[in-house]
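Here are some notes for a colleague who is coming to this structure for the first time.

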Amino acid sequence: MPDSPVFTAPGIVQWPQAPFPAPVEYFQDALERLRLVALDGLMELPRVGIGVGGFLLGSHTGGRSRILDFLPIPCSHADGPSFRLSPEEVEAAKEIARSLPASSVLGCYCSKNRGKAGMSADDRAMFAALCPEPHQFMLVICPSLSQTSRAALFLRVKGEIISGAELELLPPESAVPDDDVSAAPIEVATPIIIPPPASKLPPAPKPEPVPEPALKPASRLFGEPQPAFLAPPPPRRRWLPLVLAAVLLIAVIAGGAWFTREAWMSRPPLQLAVTDVARHVTFKWNAEALRGTTGVTLLVNDGGELKTFPLDTQAVERGQLSYDRKTLRITGTLRAGETRAMASFYETVPEPKPDPPVILIPATPAAVTPTPVKPAQ
């Protein structure tokens with residue numbers, strides 16, 4: 001088991017047992033997101049999974065390297081499920097690195113779904129091509145669904161690549177805030193009374209016979225209207241209690257379903273997108289995926305500067321948040337408990353076009369007319 005990590009700042013941990021000349025630190029949230037990305041690659045292809053990789057971003061000041069974020073490198077996996085870049089993809093990755101701010105690329109990373117956390121010949125070639133600086137290093141992640149995921153760090157020391165102790169990537173403990181109220185079914189205190197079937201209802205009492213007064217025979221012969229007390233009584237409505245009970249039962253079921261809809265209604269997967277207009281960045285997400293969720297936070301990494309934006313219920317339902325970026329590279333992470341989504345944007349700086357070459361055309365010498373020589377006399 002590795003030694004306990006050393007906390008140097010809130011959320012910043014020093015890599016344990018690293019025999020490196022300079023300390024290496026990492027942001028806990030960045031390494032946790034990197035673990036989840038590696039697990040997604042492991043589950044993308046049955047049995048073997050696919051390897052993922054990219055650049056490690058952060059700061060390198062005063063001989064201290066601090067991992068704050070990462071940027072995936074596109075890979076077509078033309079040679080198999082391992083993370084192995086083609087020559088064209090290596091050149092495209094170099095262009096991405098050149099577009100990032102100076103000293104922000106601390107190294108690169110890749111995941112290995114089988115075996116130990118080591119570097120192969122292809123990994124060393126990719127590391128030499130993408131990260132040639134002496135202070136840059138490589139991170140190898142071994143994700144696992146049945147065991148604890150592990151990671152190892154490799155750094156150049158006097159021209160040789162050495163590795164530090166492996167680090168167990170443990171998921172952070174999920175703490176529920178005090179104001180977080182989880183949706184739970186609502187218990188209805190009103191008892192539901194279901195009446196017995198109509199066949200088991202007691203028979204209605206028969207109306208007592210009303211004595212018919214003596215009428216004149218002429219009144220019946222000539223069809224005179226009879227008095228109201230002689231009209232037959234209206235039939236008893238035996239179905240009314242059943243209808244009222246059924247309406248009450250439907251109302252109780254509908255009310256319980258409405259108040260507990262957050263627990264049984266399915267939600268779409270959480271998605272996050274980012275757009276940029278004149279350095280004005282807008283993060284957008286699908287509010288339906290966060291229906292009834294509290295404790296939502298948007299983490300913004302603006303070129304290594306981290307900002308946290310807690311989102312209340314109105315901000316979550318609005319589905320967007322605007323931010324004026326300061327650097328070329330910005331990454332947003334939307335977190336809602338164990339659910340999260342990421343989106344990144346980086347501005348590519350166009351290279352200056354070279355001036356057209358100047359072609360010098362030599363001048364044609366003027367024709368010389370020969371002078372006639374007179375013969376001697």
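1. A disulfide is a pair of cysteine sulfur atoms within 2.5 Å. In this model, which is predicted, a search of the whole structure finds zero disulfides. Cys 110 takes part in none, and the nearest cysteine sulfur to its own, that of Cys 108, lies 7.1 Å away. Cys 142 is likewise in no disulfide, its nearest cysteine sulfur being that of Cys 110, at 8.8 Å.

2. The largest cavity holds about 110 Å³ of space, and its lining is made up of Leu 57, Gly 58, Asp 69, Pro 101, Ser 104, Asn 301, Gly 303, Gly 304, Arg 329 and Thr 331. The elements that contribute two or more residues to this lining are β4 (53–61) and β16 (329–336). Sorted by class, the lining of the largest cavity has six polar residues, along with two nonpolar and two charged ones.

3. The second largest cavity contains about 30 Å³ of space. Ser 76, His 77, Ala 78, Asp 79, Arg 84, Leu 85, Ser 86 and Glu 89 line this second cavity, and by class its lining has three charged, three polar and two nonpolar residues.

Definitions and conventions
Residues are numbered from 1 along each chain as its sequence is written. This is a predicted model: local features need pLDDT of at least 70, side-chain atom pairs count only at pLDDT 80 or more; totals for chains, interfaces and linings use all residues. Side-chain values use heavy atoms; hydrogens and water are left out. On a 1 Å grid over the protein atoms alone, a cavity is a set of points where a 1.4 Å probe fits but cannot get out, and a pocket is an open set with protein on both sides within 12 Å along at least five of seven lines; lining residues have an atom within 4 Å of a point. Grid points are joined across faces, edges and corners, and a volume is the space filled by probe spheres set on the points. Helices (H or I, at least four residues) and strands (E, at least two) are DSSP runs, numbered from the N terminus. Ala, Val, Leu, Ile, Met, Phe, Trp, Tyr, Cys and Pro count as nonpolar, Asp, Glu, Lys and Arg as charged, and the others, Gly among them, as polar.
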